[in-house]
Amino acid sequence: MEHGPSGGSTAMRRRSGVRGGTRMEWLEHDILCIIFSFLDVFDLVRCTAVCKSWNAVIRKSELLQVLYFKLRRDSGESTSSGQRKSMEFGLQEVAMKYHRLCLQRGRIDIHRWKAHSVGVDQCRMKMGLLLTGVGDKVMRLWSLDSYKCEEEYYIPDTASLVDFDFDESKIVGLLGSRVGIWTRNGKRSIFPLREGTFSKGLCVRYIDPDAVIGCEDGTARVFDMYSRTCSRIIKCALMHAGPVTCLALSDDELILSGSSLGSVSISDLASDQRVARLRSTDSAGIRTLCFNPCSHLVFAGTTVGYTYCWDLRTMKSLWETRISSNVLYSLSHLRSDNSTLAVGGIDGVLRVLNQNTGEVLSRCLIDDERPISSTRNMHAFIEKKKGIRLPEDAEVDRIPRTCRPPITCLSVGMKKVVTAHNSKYIRMWKFNM
């Protein structure tokens, strides 16, 4: 028998080489397939995002296809071969139905952690990350999986943060009458006085490369983030008097601006042209706006508790409903969701609405009667409570404020809602069946 320097046989080395590695790979593949076969379609979809090897195993085994078409058969839908091409869309549709069901009926677990040393009232959630701030001299970027503070962005001592927005590469902050940019590597720059000043900014929204500032003088000012210049001034006040209190931007470059006097104007970001005006039935100030790019619906919340919905394709009102007697500070929805809308305000009730009708599907509060449990991971101390759903005939004003701290801002993720309360703490509401 032929031996190498290490005393082992060449034949043995050949047998333990590539072919042996292949056998191990197939053994791992078979074991993973067995494990994955015990999962439902929602957990299986989540597993495809863990790593490339898991994604490849799941795709090659066609487990997703089997579960997806089983779901369709169980619901009485046909499963023709032509529909196989639309499986990705179908899985997204199934996921959105599950998301809606969880928000409407699922059990509620509320996690609270100390995010700042002083009260903050704003939060934005994108790409599995949460940005918090306004009220403190620092913005913090959090991982929603571990509650780890990934990065910090400090505010200049001479300025106060009014509002912010962010994407995968930068944070754009409104600093009173100036604009600041923080890159994800920590570099900060403030627009020079000759370019970055305006009367007074009240809100900001960002869609690369433009930051749009809603101003007290009724204008929306558009800043190019690369040239760092004010490229356009849109005079929203010609369409509605009063300050611009909130903004939303569409993917096709439309600016939606809400007025303190109760109207929403639509302007074209590219041409500066005012497109339309959306009217409400009263003159209460528009406090918050959001736009659904999938359904082309615009949602607004007012200072006296009304929510409105318009169809941007027809510029007509679809519904209006008064869900509270107090101001609504924030409303939001999952980007791909055409069914549910989360709304929060000064009364501290987290409401879930039907996007298409305005019907209140659920009213959620903190269960203050159950004892608090807590855990500490390597990043944060987490207080855990249960949430409860209010019956339809429950009077909100009779419920203790400890169960319903004012919701100053909220952001929606898959089966979860994050809320800020003008306090040191941030809450994550987790909804599961």
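In this predicted model, strand β10 (residues 201–207) and strand β11 (residues 210–215) run antiparallel and are joined by 6 bridges. Within this pairing, Gly201 stands opposite Cys215 in β11. A hairpin of 2 residues connects β10 to β11. Pro209 is placed in the loop between these two strands, and a cis peptide bond, with omega of about 10°, joins Asp208 to Pro209. In general, most peptide bonds are trans, and most residues other than glycine have a negative phi.

Positive phi values in residues other than glycine are found at Lys415 and at Asn422. For Lys415, phi is near 60°, and the residue lies in the loop between β28 and β29 (416–420). Lys415 counts as buried because its relative accessibility is 16%, and buried means under 20%. For Asn422, phi is near 55°; its place is in the loop between β29 and β30.

The chain as a whole contains 7 helices and 30 strands. Of its 433 residues, 49% count as buried. Among contacts between residues at least 6 apart in sequence, 46% join residues at least 24 apart.

The largest nonpolar core comprises 19 residues, and those with the most contacts inside it are Leu350, Leu410, Val417, Trp429 and Phe431. At least two residues of this core come from each of α6 (87–105), β1 (107–114), β24 (350–354), β25 (360–366), β28 (409–413) and β30 (425–432). The greatest contribution is that of α6, with 5 residues. Both domain 1 (29–37 + 50–71 + 87–105) and domain 2 (107–154 + 327–432) supply at least three residues each to this core. Beyond its neighbours within four places in sequence, Leu350 has contacts that include Leu410, Val417, Trp429 and Phe431, and also Ala342, Val343 and Ile407.

| Charged residue | Ring | Distance from ring centre |
|---|---|---|
| Arg124 | Phe164 | 5.2 Å |
| Lys126 | Phe166 | 5.4 Å |

Is Ile190 buried, exposed or partly exposed? Ile190 is partly exposed, because its relative accessible area is 26%, which falls between the limits of 20% and 50%. Leaving aside neighbours within four places in sequence, Ile190 is in contact with Pro156, Leu175, Arg178, Val179 and Gly180. From Ile190 to Val172 the separation is 18 residues in sequence and 10.0 Å in space, C-alpha to C-alpha.

Terms used. Residues are numbered from 1 along each chain as its sequence is written. This is a predicted model: local features need pLDDT of at least 70, side-chain atom pairs count only at pLDDT 80 or more; totals for chains, interfaces and linings use all residues. Side-chain values use heavy atoms; hydrogens and water are left out. Two strands pair if DSSP finds at least two bridges between them. Helices (H or I, at least four residues) and strands (E, at least two) are DSSP runs, numbered from the N terminus. A nonpolar core is a set of buried Ala, Val, Leu, Ile, Met, Phe, Trp, Tyr and Cys residues joined through side-chain atoms within 4.5 Å. Buried means under 20% relative accessible area, exposed over 50%, partly exposed in between (1.4 Å probe, protein chains only). Domain bounds come from an automatic or database domain assignment. Contact means heavy atoms within 4.5 Å. A charge sits over a ring if NZ of Lys or CZ of Arg is within 6 Å of the ring centre and within 35 degrees of the ring normal.
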